[in-house]
Amino acid sequence: MPHPVRRLREALVAIALASSALIATGPAAQAAAPQSPTVAAAATTADATAAASGYWHTSGRQLLDESNRPVRIAGINWFGFETANYVPHGLWSRDYKSMIDQMKSLGYNTIRLPYSDDIFKGTSPTSLNTSGGMNADLQGLNSLQVMDKIVDYAGTTGLKVILDRHRPDSAGQSALWYTAAVPETTWINDLTALATRYTGKPAMIGIDLHNEPHDPACWGCGDTATDWRLAAERAGNAVLAANPKLLIFVEGNQSFNGSSYWWGGNLQGAAQYPVRLNVANRLVYSVHDYATSVAQQSWFSDPSFPANMPGVWDKNWGYLFNQNIAPVWVGEFGTTLQATVDQKWLKALVQYLRPTAQYGADSISWTFWSWNPNSGDTGGILNDDWTTVNTAKDAYLADVKAPGFGASGGGSGGDTQAPTAPTGLIATGATAGTVSLGWTGSTDNVAVTGYDVYRGATLVGSATGTSYTDTGLTAATTYSYTVRAKDAAGNLSAASAAVSATTTGGGTGGSAGCTAGWHIDNQWSTGFTATVTVTATAATKSWQVSWTWPSGQQVTGSWNATVQQSGSAVTATSLAYNGALAVGGSTSFGLQGSLTGGNTAPTPACTAS
């Protein structure tokens, strides 16, 4: 099937956008990122939180770090090197370190950096703002030298980098890996130059050989001029000869045996014709997958949508993971999130990628498209101001974000400033076995990533928002609580002022088997996002939360539960993986809503079976 002309706006208007931004943006607006909520998934083991050191390799479907600990790519695309700006976009209004710090604070652990072969011609960045000390250490550097700075700084924060040969030149993408102006020899020479350039710098873990091969590119046809699988072997082996520690990321193509899919997304041929590399345990298969904001496809109008999507993904690329053949990395996926069908698609895809909290690093890796807001058919994680976060879009990815990485790649510096202490800690409710708490959020020089809750001197749990319910308590007992804020670098604030709360007497409370707590995460003039925490007062197999909106709110999206609305009545039902809770156990689901007028909080009721 033909793929639409993708993301033209990036190349055509980037310089114009940058020029206007340089005029309009003053030093006061060029400060570091504002406080941004993190939705990074919790680590499932102590080893997972320490993982990601050094270069990575593969074992079956898993990625492993140099200490053989499982790791997961859970990252973001930051484009611009491949355009006529010859530098990542947004540096006309932000410092590159501020950008990377914000990515880290939001729970992304990897940056995919698209580039074109133009940057090997000594290109200089355009629209790079160095006023007021911003991007000071990039002044006078060419594009490759700026790439060096980004890789090095990402390494000091613990982020990994994957380089993506996105285009042969800044004019646009190509179906094949070569063009008349950029022959295969140039492509391979430039790939090996990068492999050599970053030898000994394990922050750069690998190279995506070519972006979105598509018709007439074939897989397994044997024609060296069009067989992408053979070309990937030639290029991959050349890269590994220069640096045998790198991962080689090989995208699919468009068509195989008459079956078509997204550009770069069809890996059906890899079963019969696998990519063969000279160094074992270095191959990662990569795909791209998109929603209707990029193009309408037949599977979106299937009557069974979105239940049909796992079968579509299994056929085109998921089987490689399911059969333990090789790791799979969804190098690009994204949407404007405006259409209901796109919201359902993204929710289904996130579940298919396997939530980190449930599966750890035995999961499908990913980098979301994109960090940039100026991708015409998807938008980005950042809003158009290049600073604030699209919290609804970011929240969809919460379950598949991976544990934070320890610093690697050498260098010094990093964030050492702790957040301010939380204020206004209060007990918002109590039952015979639970105490619910709420507080006013902290501030930080980069971003607050969460809060640790202490009962006396004991750490009892963590929260990403400003509320928490402590469970498994004794009836008619008084407890003392404090809260400390933390940031992505692991800095802890001073403790809040203590608050005491007394559980109610008699029984365990919650005769319906569970309780539900409501928390508004973000709110704007026409909408909001919220988190509902479900806590079991008896062992459950499934649960349902229901409420009635008091003032005209409407659910527009949800995650981690099946949420339906009829009139002002809303019901949210557990999914297969989060319905079973032990006594005192809790889980949460999120939703996005629109509003007219006020946003009075509902009173949710929970029932369990």
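1. Is Ser-436 buried or exposed? In this predicted model, Ser-436 counts as buried because its relative accessibility is 19%, and the cut-off for buried is under 20%.

2. Ser-436 belongs to strand β15. Leaving aside residues up to four places away in sequence, Ser-436 touches Ile-426, Ala-427, Thr-428, Gly-429, Tyr-468 and Thr-469. With Thr-469 there is also a polar contact, side chain to side chain, at 3.1 Å.

3. The surrounding sheet is open and has three strands in the order β14-β15-β18, paired antiparallel. Its edge strands, β14 (423–430) and β18 (467–470), each pair on one side only. On average, and with direction ignored, neighbouring strands of the sheet are turned by 20° against each other.

4. Strand β15 (residues 435–440) and β18 run antiparallel and are joined by four bridges. Val-435 stands opposite Asp-470 of β18.

5. A separate point concerns two helices. Helix α5 (residues 184–197) packs with helix α6 (residues 228–242) at an angle of about 35°, and their axes lie 8 Å apart. The crossing of α5 past α6 is right-handed.

6. On the α5 side, the contact is made by Glu-184, Trp-187, Ile-188, Leu-191, Thr-192, Ala-195 and Thr-196. The α6 side contributes Trp-228, Ala-231, Arg-234, Ala-235, Ala-238, Val-239 and Ala-242. By class, the residues of this contact between α5 and α6 comprise 10 nonpolar, two polar and two charged.

Notes: Residues numbered from 1 in each chain as written. Predicted model: local features only at pLDDT ≥ 70, side-chain atom pairs only at ≥ 80, totals over all residues. Heavy atoms only, no water. Axes fitted to C-alpha atoms, helices over the stretch in contact; angles between N-to-C directions. Left-handed = near helix turned anticlockwise from the far one by under 90°. Contact = heavy atoms within 4.5 Å. Nonpolar A, V, L, I, M, F, W, Y, C, P; charged D, E, K, R; others polar. Pairing = 2+ DSSP bridges. Buried < 20%, exposed > 50% of the residue type's maximum accessible area, 1.4 Å probe, protein only. Polar contact = N/O pair within 3.5 Å; in protein donor to acceptor, adjacent residues only side chain to side chain.
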